Amino acid sequence: MKLNPEQKKAANCDIAKHVKVVAGAGTGKTRVLVARAVRLATFHKVHLREIRLVAFTKAASKVMNKRIEKALGLGSSRVATTFHSFCMRILKNCPQSKFVKFTIINDKEQLSLIKSCLRKIDPKSSNKATGAVEVMSKARLNQMCPVQALKDRYRFDSKQAEQLVKLYATAKRKKLKFDYCDMLLEADNLLNNKNAAKWVVDYCRYLLIDEAQDLNAPQWSIVNRLIASGSKVFCVGDPAQAIFEFGGAVVEKFIAFDSRYVGTQVHHLSKNYRSSPEVVEFSNWYRKRVNNQLNCVITTRAPHSQPAITDFDSLQKASIWLTNKLKIKQLDGAKLSHIAVLIRVAKQGDVIKKAFEEAKIPIRKKGVKNGVRIITVHKAKGQEWDTCYLIDPRLVASHWGAYLNNKQTENCLWYVAITRAKKELVICSSTSRQVAYSDAKKSDNFIIDDTPNRLFRFEDNSITEQV
Ligand SMILES: Nc1ncnc2c1ncn2[C@@H]1O[C@H](COP(=O)(O)OP(=O)(O)OP(=O)(O)O)[C@@H](O)[C@H]1O
């Protein structure tokens, strides 16, 4: 695996120390993480069983396992895993665990379980099922009281809220099921037992963590307990890409990691291997908006085209314009699988999908490889495409302000979105529509509207070409 000198220094540094790699998008953090795992196994002869690489999604862990396999020539490798399956493995296999028979509840089971609990406390409230699970999980992950959270959100009285929390917990236990939140919290509980922690450390003497800026409080607690029992941590992350605040992520813990564990080696990577200089210049401006202290990056890529912003007053119009653009690209022989449309909420995707389907533009899904990817910014994290179209969150039918995060998280989301583009970046914006951050006034400018003119070109929103 090719590494530049900075990357090599990080991947090969002292294995007796904790390491933190903090760097911008596209600088090869994931590559360094995989290189570290390979180095541990080859140069230091660490048994693969003792190396655990924690990725943010199943897809990311699959890619990492493939790369490790390629480098080590193994038949199969399970070094990389998600945090949740790591916890599940601990709970199922650790001799001190009481949960060896438990399995993960799937979305359908969870919904029907919570609905039946809601029916018992108030037959009219079963429509609150999806929201109620989210509210309870978020509160638990943020170490807040789920009863209070339910009361605040749904105006349940204390008795009803308490009853719901209890009924749901008992129903899950009875069925020997865990939800995602239980897995983290129970694994964390288990590791409070020193013997259990010692047993687990044998399977993660070297704990490598991707996207560490998005770890939540229980995940950090697990990491801290493992460190206390002897694990050495190598974590990579980027505070400008902290986009999972709603899931309880605490970026401050990643920022403070080296102060908490004195002696931690800190590395920075400055070269971007993903995006053209125009995209990098554009994204560096956003990076500074997130945090002026963060280092900007320089690129190794060839120039391409300046990012474009096109203005629309409705999502329908933007979808038709996009359809036309993609037809032209298809005629020019572009591979549709190298193109992504990045949306904020699934509802935006429904409108765009409908327009593409009517125009017979293939959309990437199971069985369709050469199709355009329509994907939320959250899911797009860690991925890259030649061309990215970004859809302004203001371009939705109604309630457009309701789901926006606070300003800081919005800035991070834009940084993540922009930095997925390798060559071409087009923003379908809507300056005529207002937007409200959760922590600011409606009259506040949305981040895109503040972008300096020198960093982008305006693109006409009319459909001129006949396709
Ligand atoms: N030394 C290198 N030589 C060639 N290509 C590289 C090098 N380092 C990274 N790359 C490529 O750059 C791209 C970005 O790398 P990677 O995904 O590891 O970055 P990242 O820092 O994890 O990005 P993000 O923060 O966006 O997830 C990938 O296509 C990767 O293969």
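Here are some exercises with worked solutions on a predicted model.

**Exercise 1. Work out how helices α2 and α3 pack against each other, and which residues make the contact.**

Step 1: Find the two helices. Helix α2 covers residues 29-42, and helix α3 covers residues 58-72.

Step 2: Look at the axes. They come within 10 Å and cross at roughly 40°. That angle makes α2 oblique to α3.

Step 3: Get the hand of the crossing. For α2 and α3, the crossing is right-handed.

Step 4: Pick out the contact residues. On the α2 side they are V34, A37, V38 and A41. On the α3 side you'll find M64, R67, I68, A71 and L72.

Step 5: Sort them by class. The contact of α2 with α3 has eight nonpolar residues, one charged residue and no polar ones.

A side note on helices: residues three or four places apart point the same way, because an α-helix has 3.6 residues a turn.

**Exercise 2. Compare Q143 and E211: look at phi, then at burial.**

Step 1: Check phi. Q143 has a positive phi of about 55°, although Q143 is not a glycine. For E211, phi is near 50°, again a positive value in a residue other than glycine.

Step 2: Locate them. Q143 lies in the loop between α6 (129-141) and α7 (146-154). E211 is in the loop between β6 (206-209) and α11 (217-228).

Step 3: Count neighbours. Q143 has 12 C-beta neighbours inside 10 Å, so Q143 counts as exposed. E211 has 27 other C-beta atoms within 10 Å, so E211 is buried.

**Exercise 3. Find out how far helix α9 is enclosed by the rest of the structure, and what its buried residues pack against.**

Step 1: Count the buried residues. Helix α9 spans residues 180-190, and nine of its eleven residues are buried, so α9 is largely enclosed by the rest of the structure.

Step 2: Name them. The buried residues of α9 are C181, D182, M183, L184, L185, E186, A187, D188 and L190.

Step 3: List the surroundings. These buried residues pack against α4 (83-93), α6, α8 (158-174), β5 (177-178), α10 (194-201) and α11.

**Exercise 4. Describe the packing of α15 and α16, then look at one residue from each helix.**

Step 1: Take the geometry. α15 and helix α16 (residues 346-358) pack at an angle of about 45°, with their axes 9 Å apart. That makes α15 oblique to α16. α15 passes α16 in a right-handed crossing.

Step 2: Name the contact. From α15 come L315, Q316, S319, I320, L322 and T323, which meet Q348, V351, I352, A355 and F356 in α16. By class, the residues of the contact of α15 with α16 are seven nonpolar, four polar and no charged.

Step 3: Turn to K317, in helix α15 (residues 315-331). K317 is partly exposed, with 16 other C-beta atoms within 10 Å. The C-alpha atoms of K317 and H268 are 43 Å apart, and these two residues are 49 residues apart along the chain.

Step 4: Finish with D350, in helix α16. D350 has 13 other C-beta atoms within 10 Å and is partly exposed. Between the C-alpha atoms of D350 and G367 there are 19 Å, for residues 17 apart along the chain.

Note on methods
Residues are numbered from 1 along each chain as its sequence is written. This is a predicted model: local features need pLDDT of at least 70, side-chain atom pairs count only at pLDDT 80 or more; totals for chains, interfaces and linings use all residues. Axes are lines fitted to C-alpha atoms, for helices over the stretch in contact, and angles run from 0 to 180 degrees between N-to-C directions. Helices (H or I, at least four residues) and strands (E, at least two) are DSSP runs, numbered from the N terminus. Angles under 35 degrees count as roughly parallel, over 145 as roughly antiparallel, 65 to 115 as roughly perpendicular and the rest as oblique. A crossing is left-handed if the near helix is turned anticlockwise from the far one by less than a right angle, and right-handed if clockwise. Two residues are in contact if their C-beta atoms, placed from the backbone, lie within 7 Å. Ala, Val, Leu, Ile, Met, Phe, Trp, Tyr, Cys and Pro count as nonpolar, Asp, Glu, Lys and Arg as charged, and the others, Gly among them, as polar. A residue is buried if 20 or more other C-beta atoms lie within 10 Å of its own, exposed if 12 or fewer, and partly exposed in between; C-beta atoms are placed from the backbone.
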